[in-house]
Amino acid sequence: MRVARLTKSQMTKKLYIETVGCQMNVLDSELVVASLRKHDYELTDNTGDADTILFNTCSVRQHAEDKIYSALGRLKHAKQSQPHKIIGVLGCMAQKDQRLIFERAPYVDLIVGPGQLHQVPDLIKGIEAGSGQQMEVSLGRKDGSRDSIERSHESFDPLRDPAMRPTPFQAYVRIQIGCDKFCTYCIVPSVRGPEQSRPPQHILSEARQLADEGCKELILLGQTVNSYRFRDAAVASGQETRMSDLLYALHEIEGIERIKFITNYPKDMTDDLLEAVRDLPKCAKYLHVPIQSASDRILQRMKRGYTVAEYLVMMDRIREWLPDAAVTSDFIVGFCGETEEDFQLTCDLLREQRFKNSFIFKYSERPGTKGAEQYLDDVPEEVKKRRNNELLAIQNQVSEEDNQLFLGRDVQVLIEGPSKASLKLQESGRQQESGRQQVSGKGGSGKGESGQGESGPGAPANPESGSRETGNHGTGNHGIGQQDAESQQLQLTGRTMCDRIVVFDGNRRQIGQTLPVTIYDANAHTLFGTVVTQHIGPELFSLSG
Ligand code: 5AD
Ligand code: SF4
């Protein structure tokens, strides 16, 4: 009997995955890709080539959902002409809209909530085998006991895919899922389920594995990451592991040079955590602690659980423990009932507190939240837009002024890779060479509606806005040897320990290293510098002579 053998490339299927939203989604996409690679999928950045097209979605704001429904609309004809193409919607919008997605886009094959992503490979297999449309979502917040709801939201974390990381040197590590804070504007507690901290042993073994793979920076993720606390139910007298305990343990891992964590909840910024950040040299002196509004009336409507005065006391404590820390924030403008007076209080606080940067969002009503039920979304869109721009202008001024203070200073930069300008240049070089247009693929759009830096707090992935020319740029690697390519000058980007973006000229060999850079220019978003070079003194020459 002859067995027809498929070659590797004949067996391999192509996956296109697009990620919208926060770092949690970027990590989820990494895990989905890792699990599909085990089923002979490889990535493509072209929907036309793809056997399976997945959208990992966000439902924090309406705009993010609209983008996905438009993208699905554009695939309608492709699905008609290639009915075997599998189209899937994953993540928060899948959990929120569920069957509504099938109603709005009947050619979608797959809907999977963020707590069910481990099922994606089997669900795809089922669809290939002809079982029709598939949907797997977690229980709603009122659909069972806390225990059963928690279990239905459990994430899957063991599989990793280095190709999907922000850079080969940086990785997200989930330490907590879900949220129990129930801010009235926010959909996250319903789509991501109850707050659950991951066992520290799991986090540590994942972090060790990442370090073994060459990862130098860990970015710990949680919706309210500093609320992390784990008590082993199996051990009656079990001690509780706090966020600070976790930091001490992670700090021990050889190879890890930097540890960041996002996003913090103001009420849980405890002294033991600030002390750990101060005392642990690998901990980035960088804290993202959203305030959302500086009007007590609005904070109360948002049910944030603190007053402005309490937030300011927390800021004072941060500055006491960590005088040089960079603090960043999120703001929502135009929340229900926000008056001009409320908004001015927010502007004043931003001027006073001088956040390193802020992510500023126009309120977007989310059906199913308390905010949508209780309050009228009564601030007109033009007013939201104007307030958004005004607050952003204040933040830009603060950021620019504070960045100017770095002129002439040396900063330690973990080099992430080519700058955006370099990548663009390489891309256009490639296009000229191949004479055809490339379709861009998989990237996460980040959360920054008006943020500085495009990919949300602490997010790497070449977020610098530096389109400024700083001299010699690389021209792509085509037609040159490996060694030449490595030493060729190109514009690079990286971050300081305080999460400031730095752009400078260097070469590929420096990517992944931490080097001192002298800053000679700065704008609101980016510091520009030159790598501090070590001069060989004349005494060395005399030795060899
Ligand atoms: N509208 C606008 N912004 C929102 N955010 C959360 N929910 C909404 C909403 N309904 C913002 C908050 C939060 C960030 C992740 O997104 O500022 O900190
Ligand atoms: Fe949403 Fe508030 Fe939880 Fe943050 S703390 S995820 S804003 S409910």
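The legends below describe close-up views of a predicted model.

**View 1. Packing of helix α2 against helix α7.** On the α2 side the contact involves Val32, Ser35 and Leu36, and on the α7 side Val120, Pro121 and Ile124. By class, five of these contact residues are nonpolar, one is polar and none is charged.

**View 2. Surroundings of ligand 1.** The shell around ligand 1 has 12 residues, and the closest are Arg61, Tyr185, Gln292, Asp330 and Ser364. Two strands, β15 (326–333) and β16 (358–362), each supply at least two residues of this shell. Sorted by class, the shell residues are five nonpolar, two polar and five charged.

**View 3. Polar atom pairs at ligand 1.** A side-chain N or O atom of Arg61 is 3.0 Å from an oxygen atom of ligand 1. An oxygen atom of ligand 1 also lies 2.7 Å from a polar side-chain atom of Gln292. On its own, ligand 1 has 410 Å² of accessible area, of which the protein covers 88%.

**View 4. Surroundings of ligand 2.** The residues around ligand 2 include Cys179, Cys183 and Cys186, together with Lys181, Phe182, Tyr185, Val188 and Pro189. Gln223, Thr224 and Arg304 also belong to the surroundings of ligand 2. The shell divides into seven nonpolar, two polar and two charged residues. Tyr185 is among the residues that surround ligand 2, and Tyr185 is also one of the closest to ligand 1.

**View 5. The peptide bond from Ile262 to Thr263.** This bond is cis, and its omega is near 0°. Thr263 is in the loop between β13 (258–262) and α12 (271–279). Most peptide bonds are trans.

**View 6. Backbone at Asp40.** Asp40 sits in the loop between α2 and β2 (41–43). Phi of Asp40 is near 65°, which is a positive value in a residue other than glycine. Most residues other than glycine have a negative phi.

Methods:
Residues are numbered from 1 along each chain as its sequence is written. Chains are lettered from A and ligands numbered from 1 in the order in which they are written. This is a predicted model: local features need pLDDT of at least 70, side-chain atom pairs count only at pLDDT 80 or more; totals for chains, interfaces and linings use all residues. Side-chain values use heavy atoms; hydrogens and water are left out. A residue is near a molecule or strand if one of its heavy atoms lies within 4 Å of it. A polar contact is a pair of N or O atoms within 3.5 Å; within protein, one must be able to donate a hydrogen and the other to accept it, and residues adjacent in sequence count only if both atoms are side-chain atoms. Accessible areas come from the Shrake-Rupley method with a 1.4 Å probe; for residues, only the protein chains shown count as cover. Helices (H or I, at least four residues) and strands (E, at least two) are DSSP runs, numbered from the N terminus. Ala, Val, Leu, Ile, Met, Phe, Trp, Tyr, Cys and Pro count as nonpolar, Asp, Glu, Lys and Arg as charged, and the others, Gly among them, as polar. Contact means heavy atoms within 4.5 Å.
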